[in-house]
Amino acid sequence: MAIIGITSYGGYIPYYRINRLTIYGALGWLNPASLLPGEKAVANYDEDSLTMAVAAAMDCINGAEREKIDGLYFATTTAPYRERQNAGIMATVLDLRADIRTSDFTASTRSGTGALIAACDAVASGSAQNVLVAAADCRLGKPAGYLEEVYGDGAAAVLLGKEGVIATIEGTHSVSYDFVDHWRADDDKHNRAWEDRWIRDEGYSRFISEVISGLLRKYSLAPKDFAKVVYPCQYIRAHADIGKALGFAPQQIQDHMFTAVGHTGSAYPLMMLVGALEEAKPGDRILVASYGYGGDAVVLKVTEEMARAREHRGMKKHLASKKDLGSYEKYATFRSMLGIDTGGRGEEIAPTQLSTLWRERRTILALCGCRCRRCGTPQYPTQDICCNPRCSAVNEMDSYRFADKRGKLFTYTGDILAFSPSPPAIYGFVDFDGGGRWMFDLNDCDLESLSVGMPVELTFRRKYRDVARGIHGYFWKAIPIRA
Amino acid sequence: MADGIRDKVAIIGMGCTKFGELWDKGPENLMVEAFQEALADAGIEKKDIGAAWTGTCYDEVSVGKSAIPLAATLKLPFIPATRVENFCATGSEALRGACYAVASGAYDICLALGVEKLKDIGYGGLPQNEVQWGTRLRLVFPNLTPPGGFAMMGTRYFAKYGLSPQDGKHALARITVKSHKNGARNPKAHLRREVTIEEVMNAPIVAWPLGLFDCCGVSDGAAAAIVARADLAKKLRPDPVYVKSLQIAASSGEEMAFTEWDYSNVECTVRASQRAYKEAGVKNPREDISMMEVHDCFSITELVTYEDLGISARGRAREDVEAGFFDLEGTLPCQPDGGLKCFGHPIGASGLRMMYEMYKQLQGKAGPRQIKNPKLGLTHNMGGIPAVNVVSVCIVGH
């Protein structure tokens with residue numbers, strides 16, 4: 001049997017964090033027993049599961065040959081669209097080929113590992129060569145509820161293939177039950193949950209143990225055969241107890257990041273896996289298990305190729321790059337919980353011409369411009385006639401992708417008049433390394449931290465949300481280079 | 001060989017409403033007021049007008065699209081009427097249509113009228129008009145406002161010339177103080193209070209580095225001009241004002257996309273003014289131009305325009321500003337009427353409002369703001385943002 005496994009990985013954690021004490025300080029009086037330790041990661045107001053998955057995927061495929069990717073699976077329980085394939089948007093954003101398979105995996109925090117196993121099977125069957133799996137979640141706990149402090153935002157991505165495998169997938173095991181400990185109906189915005197003690201003892205403890213024990217039996221493996229075991233739990237003490245009961249030593253249990261990021265739903269097991277891969281040595285076995293109406297478990301073995309793995313931001317660099325949001329009101333505004341007065345200027349959203357969006361999909365979603373074959377000038381958006389006044393070549397353009405280029409901040413402003421959920425609205429011009437210029441919104445920064453000439457990079461974000469017409473509009477923004 | 005329009009057309013009548021937050025007046029009222037003043041000033045009758053141009057920018061407020069509101073409101077008798085729109089240079093564009101029609105020999109007398117009713121928007125500033133950039137660009141433009149678009153020029157200008165925010169903002173404040181001083185002496189201006197450097201510099205930021213007083217007002221208003229064949233003009237009144245040049249330049253797209261332009265100037269102003277100087281026979285604008293009304297939508301725009309017009313050397317406009325060169329009593333008074341700063345900027349009207357002041361000054365009718373013996377007046381009307389715009393430069397004189 002050919003070696004199949006992870007050939008690359010990437011991660012994403014939003015820049016902002018909120019200390020759980022800040023949440024408790026705002027609403028703890030309603031539910032005094034809700035206090036949890038540490039902080040959690042919070043998506044910026046223009047981030048959602050799709051944008052975070054794109055960020056993790058870019059971290060994963062940075063340097064890889066995109067044209068060789070022939071599958072993309074997106075896993076989330078918080079997809080921006082219920083009908084409009086989210087993985088399809090992402091494939092366009094990542095400028096992948098059109099003749100590939102794309103699919104959304106959803107409705108369970110197990111969907112991340114589900115997508116991973118499906119991708120592995122696709123590669124094993126020979127129907128795909130390189131499948132990208134990206135998982136992200138941005139779940140919203142109801143204000144003052146326990147889950148509000150539990151849920152964090154983040155994403156992870158892995159590329160599955162046969163060449164340059166850094167971690168072989170040696171086996172999988174799954175169990176499935178309609179164990180309804182938490183749920184969200186089609187019209188619900190927030191999750192509902194049954195009693196915590198039941199979720200902890202009959203849910204996490206029972207099913208993670210069952211799926212891991214099943215896997216060990218199936219492949220005649222024992223806890224001592226693993227360098228790391230990865231599994232989620234929304235109760236810190238129970239997390240440690242589950243591993244201990246299975247026979248794993250504390251140092252074998254992968255850091256749960258619960259006090260730094262929170263429970264990131266579908267992305268959670270894969271984010272911890274990325275964390276484990278960052279520390280792994282050739283020969284290490286890693287066991288990844290997920291939870292959600294049963295569970296999945298996967299055995300990975302790290303190969304010698306790990307030494308040649310590209311540098312990623314993964315978890316480590318994203319964990320180190322952060323800023324405290326400071327106030328619960330800001331968090332509530334970012335998550336559209338307050339129904340703030342945007343003023344007349346913030347109310348007006350022009351209709352989105354979907355035929356324009358289709359025609360210009362690579363320009364808008366993939367940030368592709370063009371490069372003049374005659375004079376070599378990169379330009380954005382795509383032009384028919386070269387913008388270089390000394391060239392002016394007509395229809396001699398090749399496609400040119402700006403999304404993965406860095407640039408220098410050419411000029412900028414912080415605008416109080418423009419509506420922004422996080423004023424001032426900061427925007428400026430970016431001169432790309434290698435040529436080309438465009439004007440972008442800037443985010444994940446303070447006006448005071450900017451200066452003319454500072455290096456910036458591009459990030460895929462939601463540009464607007466047209467609630468009346470059911471449209472999430474996306475584009476790219478510039479941010480100071482992160483990590 | 002084309003020989004331009006120099007001295008082929010003259011302005012024989014002008015009208016301008018008071019600008020301001022005219023809550024009790026609709027755009028139709030303003031059009032009639034400006035038109036009747038112009039008609040009376042020219043001493044002609046409505047039937048003498050051969051064709052008309054109207055300038056309005058924002059369809060979503062005011063009178064809507066087409067020239068029908070102009071013709072129907074003024075009860076023009078089925079003459080050719082055209083609406084023009086060229087962003088904030090719309091008013092000058094209307095005048096250009098009328099002047100070029102007369103210069104072509106097709107008409108003896110034409111009308112240009114610009115109007116905008118901005119105070120029916122419902123919030124401060126210009127309308128949040130995303131669609132003005134078209135269906136493609138609106139999807140890739142940031143959430144930009146006019147102050148922000150011009151503020152980026154301030155950031156760049158300060159960085160390029162090594163100005164501290166304090167020094168840069170001081171020069172900008174000096175420009176504002178000068179304009180407010182002039183506007184205070186103008187009964188038609190919207191803002192008629194003098195301000196101090198300290199007030200301006202300490203005002204709340206609108207778009208860094210521009211503060212509240214670095215931005216022009218938002219107001220309602222209308223202005224109109226009646227133009228005639230030069231040979232006919234002298235028979236109609238003793239003091240017509242002759243059009244020496246009326247040039248316009250639109251961005252070629254290279255400022256936005258090509259990295260050579262450095263955002264510390266407005267290239268269209270350079271191009272339009274050079275053509276205008278050539279057509280008008282202006283050799284040295286710093287000495288030949290007697291006075292000017294430039295597009296001071298923001299203080300930084302005025303600063304940069306001094307350089308783009310070739311009045312101040314590159315990077316040196318600040319010194320001229322601080323020395324009072326552009327004050328009403330200075331060598332080359334700029335914004336003698338108070339400018340956009342004090343009039344506000346009802347888009348379609350502004351270019352014609354600038355011309356109204358040059359016209360009155362050249363006729364010696366500018367009252368307490370009268371400049372001594374002016375020869376040539378210049379108007380500069382700009383639409384868009386520094387990276388992509390349209391600029392009109394017009395020179396008029398005896």
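In which sense do strands β4 and β6 of chain A pair, and over how many bridges? Strand β4 (residues 71-75) and strand β6 (residues 131-137) of chain A pair in the parallel sense, over five bridges; strands count as paired if DSSP finds at least two bridges between them. One spot to look at is A:Phe74, whose bridge partner in β6(A) is A:Ala134.

A quick word on the ground rules. This is a predicted model, where local features need pLDDT of at least 70, side-chain atom pairs count only at pLDDT 80 or more, and totals for chains, interfaces and linings use all residues. Residues are numbered from 1 along each chain as its sequence is written, while chains are lettered from A and ligands numbered from 1 in the order in which they are written. Helices (H or I, at least four residues) and strands (E, at least two) are DSSP runs, numbered from the N terminus.

Now zoom out to the sheet. Nine strands of chain A form an open, mixed sheet, ordered β5-β4-β6-β7-β1-β8-β13-β12-β11. At the edges stand β5 (101-105) and β11 (228-230) of chain A, each with a single partner strand, so one side of each has no neighbour in the sheet. From one strand to the next, the twist averages 20 degrees. Angles here run from 0 to 180 degrees between N-to-C directions, with axes fitted to C-alpha atoms, for helices over the stretch in contact.

Helix α3 (residues 86-93) of chain A packs on this sheet, touching β4, β5 and β6 of chain A. Contact here means C-beta atoms, placed from the backbone, within 7 Å. The direction of α3 makes about 125 degrees with that of β4(A).

Definitions and conventions. Two residues are in contact if their C-beta atoms, placed from the backbone, lie within 7 Å.
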